[in-house]
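Here is a short report on one protein chain. The sections cover strands, core, domains and ligand shell.

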Amino acid sequence: MWLTDIDRPVTPREPVVHDAPPARDTSHGLALRLRGVDKSFGTRHVLQQLDLNVEPGEFVALVGRSGCGKSTLLRLIAGLEQPSTGVVEAGGGEERRLMFQDARLLPWKRVVDNVALGLSGPDAKARAMQALEQVGLAGRGQDWPATLSGGQRQRVALARALVHRPRLLLLDEPLGALDALTRLEMHRLIEQLWQRHGFTALLVTHDVAEAVALADRVLLIDRSGIALDATVTLPRPRSRAAPGFAELEERVLRHIVGQPAGS
Ligand SMILES: Nc1ncnc2c1ncn2[C@@H]1O[C@H](COP(=O)(O)OP(=O)(O)OP(=O)(O)O)[C@@H](O)[C@H]1O
(Lines give C-alpha, C1' and ligand atoms only; values in the text may rest on other atoms or scores of the structure.)
Protein backbone atom coordinates (compact mmCIF):
# COMPACT_ATOMS: atom_id res chain seq x y z
CA MET A 1 0.00 0.00 0.00
CA TRP A 2 1.51 3.33 -1.08
CA LEU A 3 0.62 6.47 0.80
CA THR A 4 0.66 8.74 -2.23
CA ASP A 5 1.18 8.30 -5.93
CA ILE A 6 4.68 9.68 -5.66
CA ASP A 7 5.62 7.09 -3.08
CA ARG A 8 4.60 4.39 -5.44
CA PRO A 9 7.44 3.35 -7.74
CA VAL A 10 5.85 3.34 -11.14
CA THR A 11 8.34 0.82 -12.37
CA PRO A 12 9.17 -1.31 -9.34
CA ARG A 13 12.83 -2.27 -9.33
CA GLU A 14 15.65 -2.61 -6.87
CA PRO A 15 17.48 0.68 -6.33
CA VAL A 16 20.78 0.62 -8.19
CA VAL A 17 23.74 2.37 -6.62
CA HIS A 18 25.88 4.26 -9.08
CA ASP A 19 27.24 7.74 -9.50
CA ALA A 20 26.76 8.25 -13.19
CA PRO A 21 23.24 8.30 -14.67
CA PRO A 22 22.27 4.87 -16.00
CA ALA A 23 22.74 4.25 -19.69
CA ARG A 24 19.55 4.88 -21.62
CA ASP A 25 17.72 1.97 -23.14
CA THR A 26 17.11 3.28 -26.61
CA SER A 27 16.26 -0.12 -28.05
CA HIS A 28 13.34 1.29 -29.97
CA GLY A 29 14.87 4.76 -30.11
CA LEU A 30 12.06 6.51 -28.26
CA ALA A 31 11.56 7.47 -24.63
CA LEU A 32 7.83 7.27 -25.08
CA ARG A 33 5.43 5.99 -27.69
CA LEU A 34 1.64 6.20 -27.59
CA ARG A 35 -0.49 4.63 -30.30
CA GLY A 36 -4.24 5.01 -30.72
CA VAL A 37 -4.79 5.80 -27.04
CA ASP A 38 -8.40 6.26 -25.94
CA LYS A 39 -9.36 6.97 -22.34
CA SER A 40 -12.92 7.10 -21.10
CA PHE A 41 -14.36 7.39 -17.62
CA GLY A 42 -17.80 5.80 -17.93
CA THR A 43 -19.47 7.59 -20.82
CA ARG A 44 -17.06 10.52 -20.73
CA HIS A 45 -14.48 10.24 -23.51
CA VAL A 46 -11.42 12.19 -22.42
CA LEU A 47 -8.72 11.18 -24.88
CA GLN A 48 -9.34 9.72 -28.31
CA GLN A 49 -6.97 8.13 -30.77
CA LEU A 50 -3.94 9.87 -29.37
CA ASP A 51 -0.57 9.17 -31.00
CA LEU A 52 2.65 10.56 -29.57
CA ASN A 53 6.38 9.94 -29.94
CA VAL A 54 8.88 11.49 -27.53
CA GLU A 55 12.63 11.26 -28.12
CA PRO A 56 14.99 10.43 -25.25
CA GLY A 57 16.02 13.58 -23.44
CA GLU A 58 13.28 15.76 -24.94
CA PHE A 59 11.46 18.31 -22.79
CA VAL A 60 7.79 18.29 -23.76
CA ALA A 61 5.09 20.56 -22.34
CA LEU A 62 1.39 19.65 -22.42
CA VAL A 63 -1.05 22.54 -22.47
CA GLY A 64 -4.76 22.84 -23.15
CA ARG A 65 -8.06 23.95 -21.69
CA SER A 66 -9.01 22.84 -18.21
CA GLY A 67 -10.47 19.34 -18.34
CA CYS A 68 -8.97 18.45 -21.75
CA GLY A 69 -7.17 15.45 -20.26
CA LYS A 70 -3.60 16.63 -19.60
CA SER A 71 -3.33 15.02 -16.16
CA THR A 72 -5.10 11.92 -17.41
CA LEU A 73 -2.49 11.62 -20.15
CA LEU A 74 0.33 11.99 -17.62
CA ARG A 75 -1.24 9.35 -15.37
CA LEU A 76 -1.52 6.98 -18.34
CA ILE A 77 2.16 7.51 -19.10
CA ALA A 78 3.01 6.97 -15.42
CA GLY A 79 1.11 3.69 -15.46
CA LEU A 80 -1.32 4.92 -12.79
CA GLU A 81 -4.21 4.58 -15.27
CA GLN A 82 -4.70 2.11 -18.08
CA PRO A 83 -5.86 3.23 -21.54
CA SER A 84 -9.36 2.11 -22.55
CA THR A 85 -7.76 1.13 -25.85
CA GLY A 86 -4.37 1.69 -27.43
CA VAL A 87 -0.79 1.27 -26.35
CA VAL A 88 1.48 3.29 -24.04
CA GLU A 89 5.15 2.29 -24.19
CA ALA A 90 7.97 3.86 -22.21
CA GLY A 91 11.35 2.85 -23.63
CA GLY A 92 12.73 -0.23 -21.92
CA GLY A 93 10.40 0.17 -18.93
CA GLU A 94 12.26 3.33 -18.02
CA GLU A 95 12.18 4.54 -14.46
CA ARG A 96 9.36 7.07 -14.25
CA ARG A 97 8.72 9.55 -11.47
CA LEU A 98 5.83 11.93 -10.94
CA MET A 99 5.78 15.33 -9.31
CA PHE A 100 2.56 17.16 -8.46
CA GLN A 101 1.41 20.67 -7.58
CA ASP A 102 1.28 19.57 -3.96
CA ALA A 103 4.68 18.29 -2.77
CA ARG A 104 3.01 15.45 -0.78
CA LEU A 105 5.73 15.24 1.85
CA LEU A 106 5.18 13.07 4.88
CA PRO A 107 4.98 15.56 7.78
CA TRP A 108 6.25 13.09 10.37
CA LYS A 109 9.48 12.45 8.47
CA ARG A 110 12.44 14.81 8.28
CA VAL A 111 13.25 16.30 4.90
CA VAL A 112 16.12 13.90 4.19
CA ASP A 113 13.96 10.90 5.13
CA ASN A 114 11.24 12.11 2.76
CA VAL A 115 13.81 12.18 -0.03
CA ALA A 116 15.19 8.77 0.92
CA LEU A 117 11.73 7.12 0.83
CA GLY A 118 11.86 3.99 -1.26
CA LEU A 119 15.68 3.82 -1.24
CA SER A 120 17.51 1.03 0.52
CA GLY A 121 21.15 0.31 1.28
CA PRO A 122 23.74 1.96 3.48
CA ASP A 123 24.15 4.97 1.22
CA ALA A 124 20.43 5.84 1.01
CA LYS A 125 20.78 8.88 3.26
CA ALA A 126 23.94 10.08 1.51
CA ARG A 127 22.14 9.89 -1.83
CA ALA A 128 19.21 11.80 -0.40
CA MET A 129 21.55 14.50 0.94
CA GLN A 130 23.24 14.72 -2.45
CA ALA A 131 19.86 15.16 -4.15
CA LEU A 132 18.97 17.91 -1.65
CA GLU A 133 22.23 19.63 -2.47
CA GLN A 134 21.36 19.53 -6.17
CA VAL A 135 18.11 21.39 -5.53
CA GLY A 136 19.81 23.99 -3.33
CA LEU A 137 18.68 22.61 0.00
CA ALA A 138 21.94 21.36 1.46
CA GLY A 139 21.70 21.88 5.19
CA ARG A 140 17.90 21.51 5.39
CA GLY A 141 17.86 17.71 5.56
CA GLN A 142 17.19 17.51 9.28
CA ASP A 143 14.30 20.01 9.15
CA TRP A 144 10.63 19.06 9.25
CA PRO A 145 8.54 19.69 6.10
CA ALA A 146 6.29 22.12 8.02
CA THR A 147 9.24 24.51 8.45
CA LEU A 148 9.76 24.88 4.68
CA SER A 149 8.21 27.39 2.28
CA GLY A 150 6.05 26.18 -0.61
CA GLY A 151 8.94 26.60 -3.03
CA GLN A 152 11.30 24.70 -0.75
CA ARG A 153 8.76 21.88 -0.42
CA GLN A 154 8.65 21.60 -4.21
CA ARG A 155 12.44 21.47 -4.26
CA VAL A 156 12.26 18.55 -1.83
CA ALA A 157 9.70 16.86 -4.09
CA LEU A 158 12.09 17.37 -6.99
CA ALA A 159 14.96 15.88 -4.97
CA ARG A 160 12.73 12.92 -4.08
CA ALA A 161 12.17 12.28 -7.77
CA LEU A 162 15.80 12.84 -8.78
CA VAL A 163 17.23 10.51 -6.16
CA HIS A 164 15.79 7.61 -8.18
CA ARG A 165 17.63 8.83 -11.29
CA PRO A 166 14.49 8.79 -13.43
CA ARG A 167 14.79 8.51 -17.18
CA LEU A 168 11.30 9.99 -17.48
CA LEU A 169 10.22 12.82 -15.18
CA LEU A 170 6.49 13.59 -15.23
CA LEU A 171 5.61 17.02 -13.86
CA ASP A 172 1.91 17.72 -13.22
CA GLU A 173 1.60 21.49 -12.65
CA PRO A 174 4.42 21.33 -10.09
CA LEU A 175 4.77 25.11 -9.91
CA GLY A 176 1.08 26.02 -10.04
CA ALA A 177 0.86 27.14 -6.42
CA LEU A 178 4.08 29.17 -6.32
CA ASP A 179 4.55 32.94 -6.60
CA ALA A 180 5.93 34.38 -9.84
CA LEU A 181 9.52 34.88 -8.65
CA THR A 182 9.77 31.41 -7.10
CA ARG A 183 8.38 29.95 -10.33
CA LEU A 184 11.10 31.64 -12.34
CA GLU A 185 13.77 30.27 -9.96
CA MET A 186 12.23 26.81 -10.25
CA HIS A 187 12.21 27.07 -14.07
CA ARG A 188 15.94 27.65 -14.03
CA LEU A 189 16.52 24.82 -11.54
CA ILE A 190 14.42 22.32 -13.49
CA GLU A 191 16.14 23.30 -16.72
CA GLN A 192 19.63 22.94 -15.19
CA LEU A 193 18.80 19.54 -13.70
CA TRP A 194 17.32 18.37 -16.99
CA GLN A 195 20.45 19.52 -18.85
CA ARG A 196 22.76 17.89 -16.31
CA HIS A 197 20.96 14.55 -15.97
CA GLY A 198 19.53 14.15 -19.45
CA PHE A 199 16.16 12.71 -18.43
CA THR A 200 13.09 13.04 -20.63
CA ALA A 201 10.63 15.54 -19.14
CA LEU A 202 6.87 15.90 -19.60
CA LEU A 203 5.40 19.00 -18.01
CA VAL A 204 1.67 19.69 -17.66
CA THR A 205 1.08 23.39 -17.24
CA HIS A 206 -1.68 26.01 -17.59
CA ASP A 207 0.96 28.63 -18.16
CA VAL A 208 1.84 28.85 -21.85
CA ALA A 209 4.82 31.13 -21.11
CA GLU A 210 6.17 28.47 -18.75
CA ALA A 211 5.77 25.88 -21.51
CA VAL A 212 7.62 28.07 -24.02
CA ALA A 213 10.33 28.89 -21.48
CA LEU A 214 11.12 25.25 -20.73
CA ALA A 215 10.07 22.91 -23.50
CA ASP A 216 11.55 21.69 -26.78
CA ARG A 217 7.98 20.97 -27.89
CA VAL A 218 4.68 22.40 -26.74
CA LEU A 219 1.76 20.05 -27.33
CA LEU A 220 -1.79 21.36 -27.23
CA ILE A 221 -4.18 18.61 -26.17
CA ASP A 222 -7.86 18.56 -27.05
CA ARG A 223 -10.58 16.00 -27.52
CA SER A 224 -9.36 15.16 -30.98
CA GLY A 225 -5.83 14.43 -29.73
CA ILE A 226 -2.84 16.70 -30.30
CA ALA A 227 -4.18 19.87 -31.84
CA LEU A 228 -0.79 21.57 -32.09
CA ASP A 229 2.80 20.30 -31.82
CA ALA A 230 5.01 23.40 -31.73
CA THR A 231 8.80 23.03 -31.74
CA VAL A 232 10.62 25.63 -29.66
CA THR A 233 14.11 26.40 -30.90
CA LEU A 234 14.83 29.53 -28.86
CA PRO A 235 18.25 29.45 -27.16
CA ARG A 236 18.41 28.52 -23.45
CA PRO A 237 18.09 29.88 -20.86
CA ARG A 238 15.09 31.66 -22.36
CA SER A 239 13.98 35.13 -21.59
CA ARG A 240 10.41 36.24 -22.20
CA ALA A 241 11.89 39.33 -23.79
CA ALA A 242 13.82 37.27 -26.37
CA PRO A 243 12.80 37.70 -30.02
CA GLY A 244 10.26 35.07 -30.99
CA PHE A 245 9.15 34.19 -27.43
CA ALA A 246 6.01 36.33 -27.32
CA GLU A 247 5.06 35.31 -30.88
CA LEU A 248 5.18 31.62 -30.03
CA GLU A 249 3.28 32.14 -26.78
CA GLU A 250 0.64 34.09 -28.69
CA ARG A 251 0.38 31.39 -31.35
CA VAL A 252 -0.27 28.66 -28.77
CA LEU A 253 -2.72 30.85 -26.85
CA ARG A 254 -4.62 31.62 -30.05
CA HIS A 255 -5.06 27.88 -30.66
CA ILE A 256 -6.29 27.32 -27.09
CA VAL A 257 -8.73 30.21 -27.22
CA GLY A 258 -9.97 28.98 -30.57
CA GLN A 259 -11.03 25.68 -29.06
CA PRO A 260 -14.51 25.14 -27.65
CA ALA A 261 -14.61 25.23 -23.81
CA GLY A 262 -14.44 21.82 -22.16
CA SER A 263 -12.98 20.19 -25.27
N1 LIG B 1 -10.73 9.07 -12.11
C2 LIG B 1 -11.62 9.76 -12.82
N3 LIG B 1 -12.90 9.39 -12.85
C4 LIG B 1 -13.81 10.07 -13.60
N5 LIG B 1 -13.51 11.13 -14.36
C6 LIG B 1 -12.26 11.54 -14.38
C7 LIG B 1 -11.23 10.88 -13.62
N8 LIG B 1 -10.05 11.52 -13.85
C9 LIG B 1 -10.33 12.52 -14.69
N10 LIG B 1 -11.64 12.53 -15.01
C11 LIG B 1 -12.30 13.48 -15.94
O12 LIG B 1 -11.51 13.51 -17.11
C13 LIG B 1 -11.50 14.84 -17.64
C14 LIG B 1 -10.05 15.26 -17.82
O15 LIG B 1 -9.47 15.43 -16.53
P16 LIG B 1 -7.94 15.85 -16.37
O17 LIG B 1 -7.71 16.05 -14.92
O18 LIG B 1 -7.09 14.91 -17.09
O19 LIG B 1 -7.92 17.24 -17.13
P20 LIG B 1 -6.83 18.39 -17.14
O21 LIG B 1 -6.69 18.82 -18.55
O22 LIG B 1 -5.61 17.94 -16.44
O23 LIG B 1 -7.59 19.50 -16.30
P24 LIG B 1 -7.01 20.72 -15.44
O25 LIG B 1 -6.22 21.55 -16.41
O26 LIG B 1 -8.24 21.44 -14.97
O27 LIG B 1 -6.19 20.15 -14.34
C28 LIG B 1 -12.30 15.70 -16.67
O29 LIG B 1 -13.60 15.85 -17.19
C30 LIG B 1 -12.32 14.90 -15.41
O31 LIG B 1 -13.49 15.15 -14.68
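In which sense do strand E3 and E8 pair, and over how many bridges? Strand E3 (residues 59-63) and E8 pair in the parallel sense over 4 bridges. Strands (E, at least two residues) and helices (H or I, at least four) are DSSP runs, numbered from the N terminus. Two strands pair if DSSP finds at least two bridges between them. Leu62 has Leu219 as its bridge partner in E8.

This is a predicted model: local features need pLDDT of at least 70, side-chain atom pairs count only at pLDDT 80 or more, and totals for chains, interfaces and linings use all residues. Residues are numbered from 1 along each chain as its sequence is written.

E8 also pairs with strand E9 (residues 225-231), here in the antiparallel sense over 6 bridges. Arg217 stands opposite Thr231 in E9. A hairpin through 2 residues joins E8 to E9. Of the 6 residues of E8 (residues 217-222), 5 are buried, so the strand is largely enclosed by the rest of the structure. A residue is buried if 20 or more other C-beta atoms lie within 10 Å of its own, exposed if 12 or fewer, and partly exposed in between; C-beta atoms are placed from the backbone.

Strand E6 (residues 168-172) has 5 of its 5 residues buried, so it is largely enclosed by the rest of the structure. Leu168, Leu170 and Asp172 point one way from E6. Leu169 and Leu171 point the other way.

E6 has parallel partners. Strand E5 (residues 96-99) is joined to E6 by 4 bridges, with Met99 opposite Leu171. Strand E7 (residues 200-204) pairs with E6 over 5 bridges, and Thr200 in E7 is the bridge partner of Leu168.

## Core and domains

The largest nonpolar core has 69 residues. Such a core is a set of buried Ala, Val, Leu, Ile, Met, Phe, Trp, Tyr and Cys residues joined through C-beta atoms within 7 Å. Among those with the most contacts inside the core are Ala61, Leu62, Ile77 and Leu203. Helix H4 (residues 150-162) gives the most to this core, with 6 residues. Domain 1 (55-82 + 176-263) and domain 2 (104-165) both give residues to the core, so it lies between them. These bounds come from an automatic or database domain assignment.

The C-alpha centres of domain 1 and domain 2 lie 26 Å apart. Contact (C-beta atoms, placed from the backbone, within 7 Å) links 6 residues of domain 1 with 7 residues of domain 2. The side of domain 1 that touches domain 2 has 5 nonpolar, 1 polar and no charged residues. Ala, Val, Leu, Ile, Met, Phe, Trp, Tyr, Cys and Pro count as nonpolar, Asp, Glu, Lys and Arg as charged, and the others, Gly among them, as polar.

The residues around the ligand include Phe41, Arg44, Lys70, Ser71, Thr72 and His206. Each has its C-beta atom, placed from the backbone, within 6 Å of the ligand. By class, the shell has 3 nonpolar, 7 polar and 2 charged residues. Strand E2 (44-54) and helix H1 (70-78) each supply at least two shell residues. H1 gives the largest share, 3 residues.

The buried residues of H1 are Lys70, Leu73, Leu74, Leu76, Ile77 and Ala78. Gly79 follows H1, with a positive phi near 85°.

Technical notes:
Contact = placed C-beta atoms within 7 Å.
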